[in-house]
Amino acid sequence: MGLGLLHFDGCIVDDDGRPLLESDDGEELTHVEPGVAVALGSRPMESPGTLYVSSRRVIWLSDADKGKGYAVDFLSLSLHAVSRDLETYPFPCIYTQVFDL
């Protein structure tokens, strides 16, 4: 795992399965995207889950394994590339860059 990428503990979600935000620090949910599979480096792609973007973190939670997820604090997010080249990766995908704290 890259520096700043943390396993997201399943016990830090609310009753609806959404991540608990640090509202005392002003964290707000800005976007929710269901049906997102995550591939980290050369590791196998994770089964689909839900991607949450808050004002300070990106959080991905698995739909299949409710205790599995990843989170990273960030300074900025940027879209790096969109790829439909199946020789590069077996599925169309979006590459992002996360500049962490």
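Q: Where is the place of V82?
A: This is a predicted model. In it, V82 is in strand 6, which covers residues 76–83.

Q: Which residues form a nonpolar patch on the surface with V82?
A: L79 and I94 form the patch together with V82. The accessible area of the three together is about 310 Å².

Q: Now to the rings. How many aromatic pairs does a search of the whole structure find?
A: The search finds 1 aromatic pair. It consists of W60 and Y70, whose ring centres are 6.0 Å apart. Their planes meet at 20°, and planes under 30 degrees apart count as stacked, so this pair is stacked.

Q: Which strands do W60 and Y70 lie in?
A: W60 belongs to strand 4 (residues 57–62), and Y70 belongs to strand 5 (residues 69–73). The pair therefore ties together parts that are 10 residues apart in sequence.

Q: And is W60 buried or exposed?
A: W60 is buried, because its relative accessible area is 3%, and buried means under 20%. Y70 also counts as buried, with a relative accessibility of 4%.

Q: How many bridges join strand 2 to strand 3?
A: There are 6 bridges between strand 2 (residues 29–36) and strand 3, and the two strands run antiparallel. One of the residues involved is V36, whose bridge partner in strand 3 is G49.

Q: A change of topic: where is the place of R18?
A: R18 is in the loop between strand 1 (5–7) and strand 2. At 35% relative accessibility, R18 counts as partly exposed.

Q: Which residues does R18 touch, not counting those up to four places away in sequence?
A: On that basis, R18 touches V13, L29, V32 and Y52.

Q: How far apart in space are R18 and L51?
A: Their C-alpha atoms are 10.0 Å apart, while the two residues are 33 residues apart in sequence.

Technical notes: Residues numbered from 1 in each chain as written. Predicted model: local features only at pLDDT ≥ 70, side-chain atom pairs only at ≥ 80, totals over all residues. Heavy atoms only, no water. Phe/Tyr/Trp six-rings, centres within 6.5 Å; stacked < 30°, edge-to-face > 60°. Helix = DSSP H or I, 4+ residues; strand = E, 2+ residues; numbered from the N terminus. Buried < 20%, exposed > 50% of the residue type's maximum accessible area, 1.4 Å probe, protein only. Pairing = 2+ DSSP bridges. Contact = heavy atoms within 4.5 Å. Patch = residues over 30% accessible without salt bridge, like charges linked within 9 Å, V, L, I, M, F, W, Y side chains within 5 Å. Areas by Shrake-Rupley, 256 points an atom, 1.4 Å probe, with all protein chains shown as cover. Salt bridge = Lys/Arg side-chain N within 4 Å of Asp/Glu carboxyl O.
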